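Open the structure in your viewer and keep the selection tool at hand. The stops below say what to select and what is there.

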Amino acid sequence: MIVIDKTQAIFLVEVLGVLALPGPTNSLLFVSGVSRGFWASLNLILAELGAYIITISLLVFVLEPASRSHSTVSQLLRVLCSLYLVYVAFWLWRSGEREVPASHPINFRRVFLTTLVNPKNLIFAFGIFPLPSATSSEMLPYFVSFAAICTGVACCWIVGGAMLHSTGAHKMHLNWFYRGEALLLTGFAIVILFSAYY
């Protein structure tokens with residue numbers, strides 16, 4: 001029988017709440033579901049999950065201790081995140097100018113790189129995941145739980161897009177999705193850049 005204590009329950013709720021929110025990675029998953037359908041987009045979940053695990057691990061085990069003595073580390077990280085998100089936004093906007101069948105900007109590499117600089121990583125590492133103790137194996141259950149929730153939420157975002165794909169509406173409106181997501185990513189980039197200095 002699996003017993004979940006209060007701390008773990010709070011962790012699960014917080015992770016679900018943050019992952020379910022619209023963001024750079026979820027935007028790409030949704031657009032991929034719209035443009036390519038569910039099954040063709042499933043491999044993107046591995047890209048998202050791998051990038052999250054790598055980045056959160058680096059933040060928790062390496063950058064969190066370093067940021068205590070060097071405040072510029074966190075600031076530089078935010079600036080780099082904002083610059084990459086602007087690049088992805090520009091790419092998506094230009095995709096909206098092309099014919100829909102010819103534009104498939106969402107692939108494994110793009111989702112992986114976007115998730116690496118997803119601002120949600122900062123929330124997970126510095127606000128939700130517990131700080132590691134001397135025995136880092138205590139963190140394993142948290143990462144396993146995170147992976148399960150992340151997979152489920154990613155499927156939901158892809159399914160949402162795939163439902164629109166199945167209706168055929170994407171043939172008329174996909175360019176607006178690209179441009180809408182480009183504007184959303186630009187907004188995230190501005191907020192992250194602002195938070196780096198204020």
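The tour goes from the whole chain to single residues.

This is a predicted model, in which local features need pLDDT of at least 70 and side-chain atom pairs count only at pLDDT 80 or more, while totals for chains, interfaces and linings use all residues. Residues are numbered from 1 along each chain as its sequence is written, and side-chain values use heavy atoms, with hydrogens and water left out.

**Whole chain.** Select everything and color by secondary structure. The chain has 9 helices and 0 strands; helices (H or I, at least four residues) and strands (E, at least two) are DSSP runs, numbered from the N terminus. Of the 198 residues, 42% count as buried, where buried means under 20% relative accessible area, exposed over 50%, and partly exposed in between (1.4 Å probe, protein chains only). Among contacts (heavy atoms within 4.5 Å) with a separation of 6 or more, 85% are between residues 24 or more positions apart.

**Helix α2.** Select residues 24-36. The 13 residues should span 18 Å at 1.5 Å a residue, and the end C-alpha atoms are 18 Å apart, which agrees; the expected span is 1.5 Å times one less than the number of residues. Is this helix enclosed or open? It is largely enclosed by the rest of the structure, because 12 of its 13 residues are buried. Among them are P24, L28, F30 and V34. Next, select G37, which follows α2 and has a positive phi, near 95°.

**Aromatic pairs.** Show the rings of Phe, Tyr and Trp (its six-membered ring), which pair if their centres lie within 6.5 Å; planes under 30 degrees apart count as stacked, over 60 as edge-to-face and the rest as tilted. The whole structure has 9 aromatic pairs. Select F38 and W39: this pair is edge-to-face, 5.1 Å centre to centre, with 75° between the planes. F38 is partly exposed, with a relative accessible area of 21%, whereas W39 is exposed, at 72%.

Now select F124 and F146, an edge-to-face pair at 5.1 Å centre to centre and 80° between the planes. F124 lies in helix α7 (residues 120-128) and F146 in helix α8 (residues 140-167), so the pair ties together parts that are 22 residues apart in sequence. Both F124 and F146 are buried.

**Last stop.** Select V62 in helix α4 (residues 43-69). V62 is partly exposed, with a relative accessible area of 46%.
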